[in-house]
Amino acid sequence: MPKTFLIDTTRCTACRGCQVACKEWKNLPAVPTKQTGTHQNPPDLTHFNLKLVRFSEHVEKNGKVSWYFFPDQCRHCLEAPCKQASSVEGAIIQDEATGAVIYTEKTAQEDFDVIRGACPYDIPRQNPENKRIVKCDMCSDRLKAGMLPMCVKSCAMGAMTFGERAEVMDLAQKRLAEVKKTKPKAQLLNPDDLAVIFLVEDDPKKYHEFAVAQAPALLTRKQMLAGAFSPLRRLARAMQG
């Protein structure tokens with residue numbers, strides 16, 4: 001049974017502790033920031049920022065300003081489209097014990113546009129120097145050592161929960177019922193398809209363009225061909241070796 005996250009955005013204060021902790025644990029270097037009129041920084045995910053707290057500001061009809069916080073990361077899809085689109089054997093794997101979708105060094109051989117285009121949440125990023133495609137790996141090294149993912153461990157507000165899927169799903173439904181008492185629009189985002197489930201109190205589009213999957217998640221012709229011919233490519237490489 002895969003492990004599962006519950007990210008309760010109603011408890012998130014955008015302290016960015018998870019964002020910083022992820023970066024520090026992965027020993028990723030700083031990146032230039034840019035003022036774009038929002039507290040969100042950097043402006044988007046990068047190959048050195050695998051977790052990003054997104055800020056979204058909305059002015060309601062009554063003039064009230066509402067803030068929405070969204071700790072964005074890979075969703076670790078139960079049936080990962082990026083893995084299905086992969087044409088390089090061993091480049092994208094899914095850990096049987098945890099369900100984590102992991103990108104290996106072999107992703108440097110992948111067509112980045114195909115892999116990123118296959119993701120309905122626009123998560124993968126590419127290191128321009130070594131061409132590796134990167135994203136959150138569920139802190140697989142910490143899980144093997146019996147520890148929590150770094151973002152969960154560092155969340156001071158208790159907005160993140162991690163554990164066995166059945167237990168987390170049960171907690172998610174209970175928490176949703178509680179939030180709905182005052183926020184009737186509250187919902188869980190794509191809970192049946194993902195190992196990272198977000199609880200939001202309003203329209204998902206107010207949080208982030210890719211808060212929910214771009215349904216239906218259709219592969220482009222290029223992506224379909226990449227998937228269709230990947231067995232032949234693997235055979236050709238084996239014969240060459």
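**Notes on the predicted model**

1. The protein has seven helices and 10 strands; these are DSSP runs, H or I of at least four residues for helices and E of at least two for strands, numbered from the N terminus. This is a predicted model, so bear in mind that local features need pLDDT of at least 70 and side-chain atom pairs count only at pLDDT 80 or more, while totals for chains, interfaces and linings use all residues. Residues are numbered from 1 along each chain as its sequence is written, and side-chain values use heavy atoms, with hydrogens and water left out.

2. Some overall numbers to start with. Of the 241 residues in the protein, 48% are buried (buried means under 20% relative accessible area, exposed over 50%, partly exposed in between, with a 1.4 Å probe and protein chains only). The accessible surface comes to about 12700 Å², and carbon and sulfur atoms hold 54% of that (areas are from the Shrake-Rupley method with a 1.4 Å probe; for residues, only the protein chains shown count as cover). Among contacts with a separation of 6 or more, 58% are between residues 24 or more positions apart; contact means heavy atoms within 4.5 Å.

3. On to the inside. The largest nonpolar core has 28 residues, and Phe-5, Met-138, Met-160 and Leu-189 touch the most other members (a nonpolar core is a set of buried Ala, Val, Leu, Ile, Met, Phe, Trp, Tyr and Cys residues joined through side-chain atoms within 4.5 Å). Two or more residues come from each of strand S1 (3-8), strand S2 (52-59), strand S3 (65-72), helix H5 (150-154), strand S8 (160-164) and strand S10 (196-200). Apart from this core lies another, of 19 residues, with Cys-82, Tyr-103, Phe-112 and Ile-123 among them. In soluble globular proteins, nonpolar side chains tend to be buried together.

4. Leu-189 deserves a look of its own. Not counting residues up to four places away in sequence, Leu-189 touches Phe-70, Leu-194, Ile-197, Phe-198, Val-200, Pro-204, Ala-211 and Val-212.

5. Next, the sheet. Four strands make an open sheet in the order S8-S1-S10-S9, with mixed pairing (two strands pair if DSSP finds at least two bridges between them). S8 and strand S9 (187-189) are at the edges with a single partner strand each, so one side of each has no neighbour in the sheet. From one strand to the next, the twist averages 25° (axes are lines fitted to C-alpha atoms, for helices over the stretch in contact, and angles run from 0 to 180 degrees between N-to-C directions). S1 and S8 pair in the antiparallel sense over five bridges, and Thr-4 stands opposite Gly-163 in S8. Helix H6 (residues 165-180) lies across S1, S8, S9 and S10, and runs at about 145° to S8.

6. Then there is the S2–S3 hairpin. These two strands pair in the antiparallel sense over eight bridges, with Val-59 opposite Val-65 in S3. Five residues lie between the strands, and Gly-63 in the turn has a positive phi of about 90°. S3 is largely enclosed by the rest of the structure, because six of its eight residues are buried.

7. Beyond four places in sequence, Asp-72 touches Leu-45, Leu-50, Lys-51, Leu-52, Arg-54, Ile-123, Phe-198 and His-208.

8. Helix H1 (residues 17-25) has Cys-18, Gln-19, Ala-21, Cys-22 and Lys-23 as its buried residues. The cover over them includes S2, S3, H5 and S8. Just after H1, Asn-27 takes a positive phi of about 55°.

9. Last, two residues from one loop. Thr-104 is in the loop between strand S5 (101-103) and helix H3 (112-118), and Lys-106 is also placed between S5 and H3. Thr-104 counts as buried at 12% relative accessibility, whereas Lys-106 counts as partly exposed at 34%. Leaving out neighbours within four places in sequence, Thr-104 touches Gly-90, Ala-91, Ile-93 and Arg-132, while Lys-106 is in contact with Val-88, Glu-89, Gly-90 and Ala-91. Lys-106 and Ile-92 are 14 residues apart in sequence, with 8.0 Å from C-alpha to C-alpha.
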